[in-house]
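Biologist: I am new to this structure and would like to learn how to read its features one at a time. Could you give me the general idea first and then the case in hand?

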Amino acid sequence: MYRPTRLRTRAAFDDSGRLLALIADGESTEEDGTPLSFLDVEEGQAAPGRDQIAAALAELDRDALQEVIDAAIAEGQAIGASDDPITPEVLARINALADAREVAEERIEAIATEEQQAQEARDAALARLAPRSDSEPDGEGDGEGDGDGSGDGDGDGEGQQTEGQPAPQAVNASSGTPGRRRQTTAIPRPGSVPSGGASARGRQSGQQRTEPSFAVPRATTALVAAAGNTRAGLEDGAVITSAETLGEAINQKRHALRNVSGGNGENVPVASLRTTFPPERMLGDDAAANTRLIDAPAQPEVLVASAAHAAAGGAIVAAGGLCAPLNIDYDVPVLGSVARPVRDALTNYGVQGQGCGGIKWRQHLSFGDFAGATGVWTIANDRDQSDPNAADPAPKPCLEVDCPDDAEAYVEAITLCLQFSNMTARFDPQATAANVAAAQVAHARLSENRLMTQIAALSTTLTAPAVVSAVRDDLLAIDRLLSAYRNFYRLDDNVALRAVRPLWWRDAIRADLMLGMGVGSGQDLREAMAVANATINAWYAARNVNITWQLDGRPATVAGAAEVTMADQFYGAFTDNAAVPDWPGTVETLLWREGDMLHLDGGTLDFGVVRDSTLNQVNRYKQFSESFEGVAHRGVECIRLVSALAPTGMTAGTADTAAILAA
């Protein structure tokens, strides 16, 4: 249990009266003192102010300043873990610790700037002492340099380095200090990187992601460093742009924790994904205002049409060979994408700020429930009502209205935890970073499948038979479904729907068209051999269906009381010397009115280090992360369509459809 220690101290000043340090009685300013000794004051006196702290830290070097930062953070965490009452003295101590940390960080930045300025001044001075060539004894050339350094004056070409001139020191491009690593560029929302392979250093392919014609306001996310990462070249809140930088920060934090007592089983944050939501995506305490915010994306003007997508690829260039000894490539390739197309297809709302991890809303009403509220009253009814000799007509129907029912949805945690050897993390950071990258791919797959499972559980399941071939049967089933859905709910063609389907089904459609008969030559043949993605997407856009191609797939189901037969919607590992896998015999489609399905974002994805006595005994540590998300359906009905389709290339003119339908 933490209790602040009160020491009697004395002040040390220089000849000009400037405060040098506050020294505890019985202690000295030598290295055996604690890093925070200058904060201890005599009981009853006020804590040192920011100017006094700055004076006390002015002469310290980087390492000593970092020790002050680490000690301040450690003591602050101890105070936070204590259940003692917060007295004015404890609050003053907390503020003094925060001032000490901020002043130390500012001083580290100032030292870096001073070193950089000194380096630049040194290089400039040495450049003045560099020997000149014989052709320019007085340095007054005619200014006609040809750009390669051979001009006979002050030519503006970069030129070759003059003999005897010292080479400039290499400087890390992300920092003003030589050798210091810092990266502050923003990174995209998780899941938005292009699909395909990437190395552990974050290589990306040249493919560009196509955007829909209408994009709802979405959250922006950046991976930022937590406090105490200065030794890794990362200030508090600095943006981390690569897995390698994250691995370096984790290593530095792990080394720093070796000098801190206690903390058995404590989670020490290293970085966090900070998500910023636009105002129109933040829910509050006003139920009516929440309903207006959620209904806004479903307005007709924002539910019309869909965009066609086209993908662009790059070429791979082969490298040549050298006679010199081979270099070692320490990178570990990671194959897989962390894209989240299913999540991005949903209307995203952040719920972490509400403190409840979920959402409650009033369910939609369907006009089909109001059949008892409508009727017809004719002239004959009116005449009979006033004729005493005629039977009274039936009264006009009137339906008693009840309050709409409430519905709730909650987030769930999608966890990720990796255990590493301290030896491996220290001497093979590339492998550590690659393992983190591969685990994030697995995390994305589980997260997407969980969303689809929740959507399927909220849906009405329908089936469609195989009649002719993949393309024709598929579009036939979609048209039949859209006709029934729009007619039953009285929707016009301007109301857009959203469909989620497996990406491999687009390949099956292309193959079905390639196998089709009756294709001649020239342009028709070329188009049949390689139908563009944009063309396939346009077929659904013409039906006002926004198509999303998901990268994963749910497992097979067996027909039963509440289920239909469906094949695995994903592929397994390849088998050596086996045939090329065929497409699954059925395809699952999830369809709803655009804007009805919500993605509940319940918090940030945190990366951190777990250490305890058990792990220390086996020389191990753990890295952890979690995301909190869920699905809420605010619409009337979502449809799950399971279609039995096969890419055979047949048409109604080449197949006996009557026999197929009879079977």
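**Reading helices, strands and single residues**

Biologist: At what angle do helix α1 and helix α3 pack, and how far apart are their axes?

Modeller: In general, two packed helices are described by the angle between their axes and the distance between the axes. Here, helix α1 (residues 50-57) packs on helix α3 (residues 88-128) at an angle of about 45°, and their axes are 9 Å apart. Axes are lines fitted to C-alpha atoms, for helices over the stretch in contact, with angles from 0 to 180 degrees between N-to-C directions; helices (H or I, at least four residues) and strands (E, at least two) are DSSP runs, numbered from the N terminus. Please keep in mind that this is a predicted model, in which local features need pLDDT of at least 70 and side-chain atom pairs count only at pLDDT 80 or more, while totals for chains, interfaces and linings use all residues. Residues are numbered from 1 along each chain as its sequence is written, and side-chain values use heavy atoms, with hydrogens and water left out.

Biologist: What word describes the angle of α1 to α3, and which hand does their crossing have?

Modeller: Angles under 35 degrees count as roughly parallel, over 145 as roughly antiparallel, 65 to 115 as roughly perpendicular and the rest as oblique, so α1 is oblique to α3. The crossing of α1 and α3 is right-handed, a crossing being left-handed if the near helix is turned anticlockwise from the far one by less than a right angle, and right-handed if clockwise.

Biologist: Which residues make the contact of α1 with α3?

Modeller: Contact means heavy atoms within 4.5 Å. On the side of α1 the contact is made by R50, I53, A54 and L57, and on the side of α3 the contributors include A96, D99, A100 and V103. By class, this contact of α1 with α3 has seven nonpolar, no polar and five charged residues, where Ala, Val, Leu, Ile, Met, Phe, Trp, Tyr, Cys and Pro count as nonpolar, Asp, Glu, Lys and Arg as charged, and the others, Gly among them, as polar.

Biologist: Let us turn to strands. In what order do the five strands of the open sheet lie?

Modeller: Two strands pair if DSSP finds at least two bridges between them. The order in this open sheet is β11-β18-β14-β12-β13, with mixed pairing, and the edge strands, which pair on one side only, are β11 (459-464) and β13 (545-550). On average, neighbouring strands of the sheet are turned by 25° against each other, direction ignored.

Biologist: How do the neighbours of β12 run, parallel or antiparallel?

Modeller: β12 runs parallel to β13, to which six bridges join it, and R498 has N546 of β13 as its bridge partner.

Biologist: How many residues of β12 are buried?

Modeller: Buried means under 20% relative accessible area, exposed over 50%, and partly exposed in between (1.4 Å probe, protein chains only). In β12, six of its six residues are buried: L497, A499 and R501 point one way, and R498, V500 and P502 the other way.

Biologist: Which helices lie on this sheet?

Modeller: Helix α9 (residues 429-457) lies across β11, β12 (497-502), β13, β14 (586-593) and β18, running at about 70° to β14. Helix α13 (residues 533-541) also packs on the sheet, where it touches β12 and β13, and its direction makes about 135° with that of β13. Within α9 we find H443, which counts as buried because its relative accessibility is 10%.

Biologist: How does helix α11 pack against α13?

Modeller: Helix α11 (residues 503-515) meets α13 at an angle of about 100°, with their axes 11 Å apart, which means that α11 is roughly perpendicular to α13. Among the residues in this contact are W505 and I509 of α11 and I536 and W539 of α13.

Biologist: Finally, where does R490 lie, and is this residue buried or exposed?

Modeller: R490 lies in the loop between α10 (470-488) and β12, where R490 is exposed, with a relative accessible area of 71%. R490 has a positive phi of about 55° although it is not a glycine. N577, in the loop between β13 and β14, likewise has a positive phi, near 65°, and counts as exposed at 77% relative accessibility.
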